[in-house]
Amino acid sequence: METLQTIKLMLDQHDEANDDKLKAILDLTQARLFVLLGTQTVPEELSYILVEVAIKRFNRIGSEGVASHSIEGESMTFSDDDFAPFEDDMQAWRSKQQDQKKGRVRFL
């Protein structure tokens with residue numbers, strides 16, 4: 001399933017009213033993930049990070065820059081780094097890539 005369609009499904013967005021916002025969020029999230037991973041594409045096994053972070057960012061529209069919000073007993077706290085919860089996963093992927101690049105020499 002296409003990433004945008006997955007995000008729309010998770011957000012219960014059935015029309016096209018927010019498609020431009022979702023595409024912009026997805027593009028920015030993808031660009032940031034490229035930088036964090038040092039790649040030009042998002043590996044399939046890490047594509048869930050795009051979905052999760054894009055949903056977080058969409059749900060925060062209108063609350064950008066707010067660290068904490070409280071109304072009548074309801075409290076929300078936003079992370080400074082949307083990718084922080086996925087750092088272990090990204091590091092594991094990087095380590096796997098480094099291990100694959102190591103060659104072996106055999107003498108027969």
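Helices (H or I, at least four residues) and strands (E, at least two) are taken here as DSSP runs, numbered from the N terminus. The model is a predicted one, in which local features need pLDDT of at least 70 and side-chain atom pairs count only at pLDDT 80 or more, while totals for chains, interfaces and linings use all residues. Residues are numbered from 1 along each chain as its sequence is written, and side-chain values use heavy atoms, with hydrogens and water left out.

**Lys 8**

Helix H1 (residues 3-11) contains Lys 8. Buried means under 20% relative accessible area, exposed over 50%, and partly exposed in between (1.4 Å probe, protein chains only). Lys 8 counts as buried because its relative accessibility is 7%. Its side chain reaches the backbone oxygen of Asp 15 at 2.9 Å; a polar contact is a pair of N or O atoms within 3.5 Å, where within protein one must be able to donate a hydrogen and the other to accept it, and residues adjacent in sequence count only if both atoms are side-chain atoms. Contact means heavy atoms within 4.5 Å. With neighbours within four places in sequence left aside, Lys 8 is in contact with Gln 13, Asp 15, Glu 16, Asp 19 and Leu 22.

**Helix H2**

Just after H2, Gly 38 has a positive phi of about 70 degrees.

**Val 42**

Val 42 is in the loop between H2 and H3. Not counting residues up to four places away in sequence, Val 42 touches Gln 30, Leu 33, Phe 34, Ser 47 and Leu 50.

**Accessibility of three further residues**

| Residue | Relative accessibility | Class |
|---|---|---|
| Val 42 | 17% | buried |
| Tyr 48 | 31% | partly exposed |
| Phe 86 | 7% | buried |
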